[in-house]
Amino acid sequence: MVSFRSISTRLTAVAALLPVAALGLTASAEAAATATPGAAKGTEAAASAAIWRPPVQSRWQYQLQGNKAYASTGGINVNICEVPQTGGACVRPTVFDIDLYVDAEIAGNNSTLNTAGVKAIHAKGAKAVCYIDAGSIEEFRPDYQQFVDWHESHGNSLLGKPFSEEFPNERWANINNDKGQRDFLLKMMEPRVDKCVQAGFDGVEFDVVHAHEEGKEVTGWDISPETQLIYNRALADLAHRKGLSVALKNDLSQIDDLVSVFDYAVNEECFQYKECADLSAFVRAGKPVFQVEYKTSPGSFCAKANQLKFNSIKKATDYSLYDKPYKPCK
């Protein structure tokens, strides 16, 4: 598992352009397609209301790597309780951000959905967010070969440079669409999100959605801000259509454009790099910021994090994401 990460067309829109018979709709579906706009909006509002959305003040845990001591709960330490930086009694997270799959060192494979972890989290009265990498292609994922096959059959136009020295086993994805790359990526994300739903997750975190900020020298691709917005909005729409809330991971330069379509933010190291101010847009919108520092000490960032109403934690300095160390700010 990794850390340190510095569209779909609606049926109603198609129905407005094509005859009902061409879509193969039943009589009841035809009635739904011709329903009044108010009724359609009411249905959409009801579906949106059913999606879990955490309150601004929600303690979280970031555990993407499994601990063998907790094999029965998918490697996730659901009983973790630590004294916060502010002192007092230990506190427990109400939101767990974990990987879609059980750690291979525990499961013996890389394709076991972490249903056990989700169930254990729910049993504690907490919620589970499903980690998916949407902007780089990881060699250890069960669907990896499909990305390679598409890349090779489309002029080597999908897989870019290695993500970083820390994570050489994944490569930056090309989210342009001159050869259908973005369409393919979104097609691949859909079954991944379906698996999040199958495992019982409440939300989803799409990682590596900031390629435009890194530039061609880092990623291997020339990604414009506009292209990034198209892709990120499509990911948010995908999550919502599947009944999941969705996190905006980093991508600080586009927060003002995306805060309305994402339900919360997940950020790494904004205090270390002195770039936290933009994240306050989520808090102002009544949406939480789940924030993590690795190399910065809690004593130097927690007071400011609490003042900003962020839900900040300190994890390991080597960027590993096991259950511990875990130090919440409040």
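Predicted model: local features only at pLDDT ≥ 70, side-chain atom pairs only at ≥ 80, totals over all residues.
Student: Nice. Which residue stands opposite R171 in β6?
Tutor: That one is P162.

Student: And what's the strand order in that sheet?
Tutor: The order is β4-β6-β5, an open sheet of three strands with antiparallel pairing. β4 (136-138) and β5 (159-162) each have a single partner strand, so one side of each lacks a neighbour in the sheet. Direction ignored, neighbouring strands are turned by 40 degrees against each other on average.

Student: Switching to charges: how many salt bridges are there?
Tutor: The count comes to 11. In one of them, E205 meets K249 at 2.7 Å, N to O. E205 sits in strand β7 (residues 203-207) and K249 in strand β8 (residues 245-249), 44 residues apart.

Student: What else does K249 bridge to?
Tutor: D207 also forms a salt bridge with K249, with the closest N and O atoms 3.0 Å apart. E205, D207, K249 and E268 are linked in a network.

Student: Is K249 buried or exposed?
Tutor: K249 is buried, at a relative accessible area of 0%. E205 is buried at 0%, and D207 is buried at 0% too.

Student: Last topic, the largest nonpolar core. Which helix gives the most to it?
Tutor: The core has 92 residues, and F201 is one of those touching the most other members. Helix α8 (residues 181-199) gives the most, with eight residues.

Student: What does F201 contact, beyond its sequence neighbours?
Tutor: Its contacts include I98, L100, V118 and L244.

Methods:
Residues numbered from 1 in each chain as written. Heavy atoms only, no water. Core = buried A, V, L, I, M, F, W, Y, C linked by side-chain atoms within 4.5 Å. Buried < 20%, exposed > 50% of the residue type's maximum accessible area, 1.4 Å probe, protein only. Helix = DSSP H or I, 4+ residues; strand = E, 2+ residues; numbered from the N terminus. Contact = heavy atoms within 4.5 Å. Pairing = 2+ DSSP bridges. Axes fitted to C-alpha atoms, helices over the stretch in contact; angles between N-to-C directions. Salt bridge = Lys/Arg side-chain N within 4 Å of Asp/Glu carboxyl O. Lists of a residue's contacts leave out its neighbours within four places in sequence.
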